[in-house]
Amino acid sequence: MTKYLRFKHRGGLALLCILLGMLCKSGSGQIHYSVQEELDKGSFVGNISKNLGLEPWQLMEHGVRIVSRGRTRLFALNLRSGSLITAGRIDREELCAQITLCLVKFNILVEDKLKIFEVQIEIKDINDNAPDFLTEELEIKIGELTAPGTRFPLKTAFDPDVGMNSLQNYHLSPNDYFSLTVKHVSGGAKYPELVLERALDREQKKVHQLVLIASDGGNPVLSGNLCIRVIVLDANDNPPVFTQSEYQVSVQENLPVGTTLLTVNATDPDEGFNAQVSYILDKMPGKVAQIFYLNSVTGDISILRSLDYEDAMFYEIKVEAQDGPGLLSRAKILVTVLDVNDNAPEVTITSLTGSVPEEATAGREIALINVHDRDSGQNGQVTVFVLGNMPFNLEKSIDQYYRLVTARSLDREQVSEYNITLRATDGGNPPLSTNTHIIVHVADINDNPPAFSQATYSAYILENNPRGASIFCVTTQDPDSIHNAHITYALTEDTIQGVPLSTYVSINSNTGVLYALCSFDYEQVRDLHLLVTACDNGNPPLSSNVSISIFVLDQNDNVPEILYPTLPTDGSTGVELAPRSAEPGYLVTKVVAVDRDSGQNAWLSYHLLKASEPGLFQVGQHTGEVRTARALLDRDALKQSLVVVVQDHGQPPLSATATLTVAVADSIPDVLADLSSLESPDNPDDSDLTLYLVVAVASVSCIFLAFVIVLLVLRLRRWHASRLLQAAGGGLLGVPASASQFVGVDGVRAFLQTYSHEVSLTAGSRESHMIFPQPNYADTLISQDSCGKSEPLLITQDISETKGNSSLLKQAPPNTDWRFSQAQRPGTSGSQNGDETGTWPNNQFDTEMLQAMILASASEAADGSSTLGGGAGTMGLSARYGPQFTLQHVPDYRQNVYIPGSNATLTNAAGKRDGKAPAGGNGSKKKSGKKEKK
């Protein structure tokens with residue numbers, strides 16, 4: 001029994017192991033880990049080698065690696081330890097935002113076994129984000145009369161964490177007026193609201209500062225704050241209040257009109273319009289309203305009339321203060337009038353001297369003054385003195401008279417005029433004073449010479465200046481006045497290079513402007529030194545001198561002068577020699593030039609302007625040396641012509657040219673032998689250019705001639721067409737403009753259209769038709785397909801008279817004797833062949849009948865009501881049919897069966913009686929060799 005139990009126990013263990021192995025095998029394709037966010041790089045995540053059933057050192061052998069797509073790799077394999085580690089810091093909020101379960105999936109590939117395992121890593125949230133409000137401060141405005149219990153929504157906070165780490169609750173800072181309630185909605189969102197607990201009073205507290213705290217449930221707890229600023233809005237619940245219920249003021253009787261006695265002030269603890277206080281003077285009996293004025297805005301009380309102590313010593317005034325909505329309060333003002341010194345001293349100028357010379361000594365009398373005060377006693381005691389630091393004194397004379405005298409010598413250049421203020425003050429309390437002004441002028445004397453602003457002057461002028469040009473202007477200052485300050489300028493006589501200075505420059509005696517009397521040349525005179533004298537008109541006159549240096553500036557007015565090669569005087573040509581064996585850089589000759597200008601105007605540069613053999617010679621830009629640029633060849637001409645241009649650097653630059661003739665030869669005898677035959681070789685480029693020009697001119701001339709010929713041909717064709725139309729409009733009835741070919745069919749000569757224009761004019765109606773059929777060969781029948789084309793041009797003119805004449809719309813019935821036999825019908829079914837040489841019938845009546853038949857068919861086709869040409873065997877010559885037709889009914893030439901201008905229907909009765917299909921022609925359409933006439 002025991003053995004059986006052991007066996008049974010062992011069998012159960014084996015079965016359990018098998019089941020666990022199968023379970024492990026079925027789950028070996030997925031691996032799950034969990035890791036917290038914000039771990040450092042290289043943090044351990046899981047033992048991947050253990051989950052894969054491998055040793056750490058086997059990971060590299062089996063080629064184990066991470067396979068992921070489309071996302072930054074967050075994890076890595078540590079092949080040494082066989083563990084899965086983080087590849088960097090992981091932010092769960094960045095990966096999954098508000099998703100509670102944040103999973104990162106990727107695959108691990110075992111390359112040698114070609115197995116892939118799915119790995120899921122759960123990123124666990126940590127409390128790394130505090131709740132945050134979108135704004136730092138919230139402002140709420142609440143009226144002070146708002147009822148308690150009123151709710152005000154607040155801003156919500158946001159926490160990117162999830163679970164307990166996210167936003168959990170709100171708190172409000174402690175205060176006496178507000179509380180916080182949180183409103184919960186579906187989805188777990190929380191909305192805070194501010195509740196008013198007790199009535200507000202703006203006069204006690206205008207602004208309430210609160211703090212809303214949002215906290216999460218993490219460990220440690222993180223929170224965010226929102227500052228709430230509650231502004232209490234005012235309500236008119238307080239009347240104005242005066243600072244005093246009774247005001248007392250004492251005023252002097254001599255106060256001027258408009259003087260403010262006092263200012264009443266009432267305050268209203270409200271604000272805005274509710275605190276706007278206005279003042280009103282209460283109505284009272286007597287003259288109070290006529291004497292006192294109350295400013296309704298400022299509360300200032302002023303007097304409208306002068307007060308007099310003898311009239312009234314006391315006044316009682318009542319005022320009201322009212323705010324914007326109408327609440328008011330009252331106050332009383334008591335005004336006491338005091339007797340004061342109300343008469344100011346009087347100052348009278350008895351005698352006055354208007355001006356004083358500046359050389360006058362101290363003690364010079366200027367004026368005699370008298371002072372007086374109508375008051376008595378101490379208020380009538382007057383003292384007088386000069387205000388300010390003035391060079392004048394007052395000396396006591398007899399009684400109440402004073403003399404105004406100078407205290408020292410005067411200087412007009414320092415002060416030319418004195419405004420003297422005399423103040424007279426009495427002994428009253430408060431004292432009264434009177435100011436009197438006396439103006440004293442200081443007469444000038446000539447005590448200052450003219451003064452130049454500088455000791456010396458320098459002026460510059462360009463050469464080649466126009467005569468009379470202004471060069472410079474000297475100015476002086478003379479502190480004297482009038483004629484003593486009038487300055488006259490003059491030049492001191494001198495000579496320059498033996499020529500008087502007056503021939504070069506002059507000076508305006510009044511303005512001091514220097515003028516050039518000649519055009520200066522820098523190459524002759526480069527500077528001038530002048531001495532200018534300035535003299536005033538005083539008595540005696542005073543003068544001063546100054547030195548002026550005038551410098552002439554150079555202009556680029558001289559062309560470079562070529563010294564070598566010089567132009568021969570005997571008419572011969574100078575020749576320079578260059579051996580054919582000369583190497584590149586061989587000095588052939590040198591161009592030497594000078595420029596009479598200076599500075600950069602005399603800087604010369606040399607350039608090769610033209611050469612008979614380009615590229616053979618070169619010229620030094622700064623030296624003027626002519627050297628060979630390459631080795632001379634046998635094909636090079638014996639005579640070489642060079643044009644060298646010499647140019648300066650002035651603005652604008654000036655230049656000169658030198659022509660050199662270089663003889664290319666190995667020895668001087670060769671040169672002498674060929675000098676007589678030296679001629680400038682023809683330039684092959686010039687000959688080629690001439691040929692091209694000749695060809696181009698000839699081509700343009702041919703094209704222009706062809707264009708003129710084509711234009712003349714077109715004009716002649718248009719003129720010819722207009723002549724044809726005019727001839728047709730003059731009375732021709734249905735005559736073709738160009739009928740050239742006819743064909744005979746079974747002895748009947750039929751007319752085929754080969755003309756370009758057909759004008760059908762009806763003499764008996766008001767409707768005309770102008771038809772332009774398509775051109776074709778006269779001996780060719782056009783297929784019926786082409787007959788269906790419309791005319792290129794159809795012009796119809798309706799005249800009102802046609803409608804009034806109904807007889808013109810009738811037509812005689814067709815003659816039944818028109819039917820031909822089968823042998824007489826044209827086409828392939830006829831028994832007789834037409835005579836190709838046949839002509840139009842000679843009978844004029846027959847011709848007119850055939851023309852009338854053709855025009856009738858055209859008119860019927862245009863009306864759309866005719867059956868002529870609509871059936872087989874008809875003669876359809878209208879615009880709907882071409883020249884191809886079958887003659888079954890031909891009218892009798894001896895009968896007039898067609899009325900021109902009629903639109904009646906012609907019925908092919910004979911064709912219907914025959915009951916035969918028309919023998920339509922199948923002639924091929926040929927392109928006309930003639931152009932259509934216009």
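**First stop: V442**

Select V442: with a relative accessible area of 7%, this residue is buried. (Buried means under 20% relative accessible area, exposed over 50%, partly exposed in between, with a 1.4 Å probe and protein chains only.) V442 belongs to strand β33, residues 433-443. (Strands are DSSP runs of E, at least two residues; helices are runs of H or I, at least four residues; both are numbered from the N terminus.)

Now show what surrounds V442. Leaving out residues up to four places away in sequence, V442 touches V356, E358, L410, R412, V415, S416 and Y418. A360 and V442 are 82 residues apart in sequence, yet their C-alpha atoms are 9.6 Å apart in space.

**Before going on: the model**

This is a predicted model, in which local features need pLDDT of at least 70, side-chain atom pairs count only at pLDDT 80 or more, and totals for chains, interfaces and linings use all residues. Residues are numbered from 1 along each chain as its sequence is written, and side-chain values use heavy atoms, with hydrogens and water left out.

Colour the chain by pLDDT, the predictor's confidence in each residue, from 0 to 100. The mean for the chain is 75, and 71% of the residues reach 70 or more. Select 857-934: pLDDT stays under 50 there, and the model has 183 contacts beyond four places in sequence for this stretch. Then select 678-682, where pLDDT also stays under 50 and the model has 3 such contacts. Where pLDDT is low, the predicted coordinates should not be read in detail.

Switch to the cartoon view. The chain has 58 strands and 11 helices. Of its 934 residues, 37% count as buried. Take the contacts between residues at least 6 apart in sequence: 67% of them join residues at least 24 apart.

Select 64-67 and 103-110. These are β3 and β6, antiparallel strands joined by 4 bridges. (Two strands pair if DSSP finds at least two bridges between them.) V67 stands opposite N107 in β6.

β6 and β7 pair in the antiparallel sense over 8 bridges. Now look at the turn. The β6-β7 hairpin has 4 residues between its strands, and L114 in the turn has a positive phi of about 55°.

Show both side chains. The charged end of R198 sits over the ring of Y177, 4.7 Å from the ring centre. (This requires NZ of Lys or CZ of Arg within 6 Å of the ring centre and within 35 degrees of the ring normal.)

V505 stands opposite A516 in β42.

The structure holds 8 aromatic pairs. (Rings of Phe, Tyr and Trp, the last by its six-membered ring, pair if their centres lie within 6.5 Å; planes under 30 degrees apart count as stacked, over 60 as edge-to-face and the rest as tilted.)

Select Y457 and F472. Their ring centres are 5.5 Å apart and their planes stand at 55°, so the pair is tilted. The pair links distant parts of the chain: Y457 is in β35 (residues 456-462) and F472 in β36, 15 residues apart. Y457 is buried, with a relative accessible area of 5%.

Next, select Y460 and F551. This pair is stacked, 5.5 Å centre to centre with 25° between the planes. Y460 is in β35 and F551 in β44 (residues 543-553), 91 residues apart. Y460 counts as exposed at 53% relative accessibility, whereas F551 is partly exposed at 28%.

**Last stop: D636**

Select D636, in the loop between β51 (625-628) and β52 (639-648). Is D636 buried or exposed? At 3% relative accessibility, D636 counts as buried. Beyond residues up to four places away in sequence, D636 touches R580, E613, L616, R630 and A631.

Notes. Contact = heavy atoms within 4.5 Å.
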